[in-house]
Amino acid sequence: MILDRIKTSDFIATVGYELPPEVMRLALRRMREYTLFQKEYRQGDITSDVLRECVQDLLGDFRRGEKFTFDASLAFLCVALESIFTPFATEFLEDLSKVHLVEMPLSPGVAKVCLEERNKLPSNLQQDFKIADLLFSIGEPFIRNEPSPPSEAKIKIAA
Amino acid sequence: MPRVELLLAAESHAVDQQTNALSIFNIIEGTYTGIIPKVVFITVWKREPGDEDRDFQSLLRVTSGARQVGEFPLNFRMTAPRHRSFHVLMGLPAGRAGETIRFEVLLNGQSVGRCEIEVSEAPA
């Protein structure tokens, strides 16, 4: 599973040196692991619960005063989740983007860039109108419009 | 003011919950007399400089032949570079054969676009 792969020292070494967040985002998107993640996600092998467990597992390794080993792994998850609009993905990116720790110089910046990209997507607003109660008078229809409350969602979030 | 990038009438639409991709099904270019159970009128707005976080009043005006069917308001804010408005009209009377149903979109009182669909006699 790709979530096991991103915890390995081999993967972290492959990510390489720290780059500016915008550049790191592009570099991570080009990795083979990014494609594998999307595939496993669409197949249902990666769920929000599985991701939550993975993130908790990674963060369990955090030690104050030591460079966080899995900073690159978290950065990868940011990029992988950028185009996935579940409550967990949104919460993960928003929470991580607010972190300011010397021990984690990479992933919060990447989270912020990914959030900026997400916010470029179109917003949606739908309103239903019931054109009901047709009353006929001298052969002509009279129509009253009954709007229902609008439903607004940046993205309709999957349950 | 936002610019209209796309406007059309269709039978239905779907927004992917995970990717926000918009799919439009069965664009309506013509219809038969009677009642159209459901029409979704889709307008895609493109943000222009100065539109950020501003409120806009959009109105969909529908006429069938010479008769006004109704005016359907839908206000929105340009919080993203693009915004999609979906007016879902349920039970739209198609009017008489040979007439045209016109969908006109107004933004802050100004007409910014329209599309028309022809009404034909329903087959026997």
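Leaving aside its neighbours within four places in sequence, which residues is A:Ser73 in contact with? The answer is given in the view of A:Ser73 below, and contact means heavy atoms within 4.5 Å.

The model is predicted, and local features need pLDDT of at least 70, side-chain atom pairs count only at pLDDT 80 or more, and totals for chains, interfaces and linings use all residues. Residues are numbered from 1 along each chain as its sequence is written, chains are lettered from A and ligands numbered from 1 in the order in which they are written, and side-chain values use heavy atoms, with hydrogens and water left out.

**View 1. Elements of chain A.** Chain A has eight helices and three strands. Helices (H or I, at least four residues) and strands (E, at least two) are DSSP runs, numbered from the N terminus. Read from the N terminus, the order of elements is α-α-α-α-α-α-α-α-β-β-β. Of the 159 residues in chain A, 42% are buried. Buried stands for under 20% relative accessible area, exposed for over 50%, and partly exposed for values in between (1.4 Å probe, protein chains only). Among contacts in chain A between residues at least 6 apart in sequence, 63% join residues at least 24 apart.

**View 2. A:Ser73 in helix H6 of chain A.** A:Ser73 belongs to helix H6 of chain A. A:Ser73 counts as buried because its relative accessibility is 0%. Apart from neighbours within four places in sequence, A:Ser73 is in contact with A:Ile6, A:Lys7, A:Phe11, A:Ile12 and A:Leu58. In H6(A), 11 of the 11 residues are buried, so the helix is largely enclosed by the rest of the structure. Among the buried residues of H6(A) are A:Asp71, A:Phe76 and A:Cys78.

**View 3. Helices H5 and H6 of chain A.** Two packed helices are described by the angle between their axes and the distance between the axes. Helix H5 (residues 48-59) and helix H6 (residues 71-81) of chain A have axes that come within 11 Å and cross at roughly 155°. H5(A) is therefore roughly antiparallel to H6(A). Axes are lines fitted to C-alpha atoms, for helices over the stretch in contact, and angles run from 0 to 180 degrees between N-to-C directions. Angles under 35 degrees count as roughly parallel, over 145 as roughly antiparallel, 65 to 115 as roughly perpendicular and the rest as oblique. H5(A) and H6(A) have a left-handed crossing. A crossing is left-handed if the near helix is turned anticlockwise from the far one by less than a right angle, and right-handed if clockwise. From H5(A), the contact involves A:Leu51, A:Cys54, A:Val55, A:Leu58 and A:Leu59, and from H6(A), A:Ser73, A:Leu74, A:Leu77 and A:Leu81. By class, these residues are eight nonpolar, one polar and no charged. Ala, Val, Leu, Ile, Met, Phe, Trp, Tyr, Cys and Pro count as nonpolar, Asp, Glu, Lys and Arg as charged, and the others, Gly among them, as polar.

**View 4. Helices H4 and H6 of chain A.** Helix H4 (residues 32-43) of chain A packs against H6(A) at an angle of about 55°, with the axes 10 Å apart. H4(A) is therefore oblique to H6(A). The crossing of this pair, H4(A) and H6(A), is right-handed. A:Glu33, A:Tyr34, A:Phe37 and A:Gln38 of H4(A) meet A:Phe76, A:Leu77, A:Val79, A:Ala80 and A:Leu81 of H6(A) in the contact. The contact of H4(A) with H6(A) has seven nonpolar, one polar and one charged residues.

**View 5. A:Glu40 in helix H4 of chain A.** A:Glu40 lies in helix H4 of chain A and counts as buried at 15% relative accessibility. A:Glu40 and A:Leu3 are 37 residues apart in sequence, and their C-alpha atoms are 9.7 Å apart in space. Leaving aside neighbours within four places in sequence, A:Glu40 is in contact with A:Met1, A:Ile2, A:Asp45 and A:Ile46.

**View 6. Interface of chain A and chain B.** Here 28 residues of chain A are in contact with 34 residues of chain B. The area buried between the two chains is about 2600 Å², and carbon and sulfur atoms give 54% of it. Buried area is the accessible area (1.4 Å probe) that two parts lose on being put together, summed over both. In chain A, A:Leu125, A:Phe129 and A:Ile131 lose the most area to chain B, together 26% of what that side buries. B:Gln18, in the loop between strand S1 (3-15) and strand S2 (22-27) of chain B, is partly exposed, with a relative accessible area of 22%. Setting aside neighbours within four places in sequence, B:Gln18 is in contact with A:Tyr41, A:Ser83, A:Ile84, A:Phe85 and A:Thr86.
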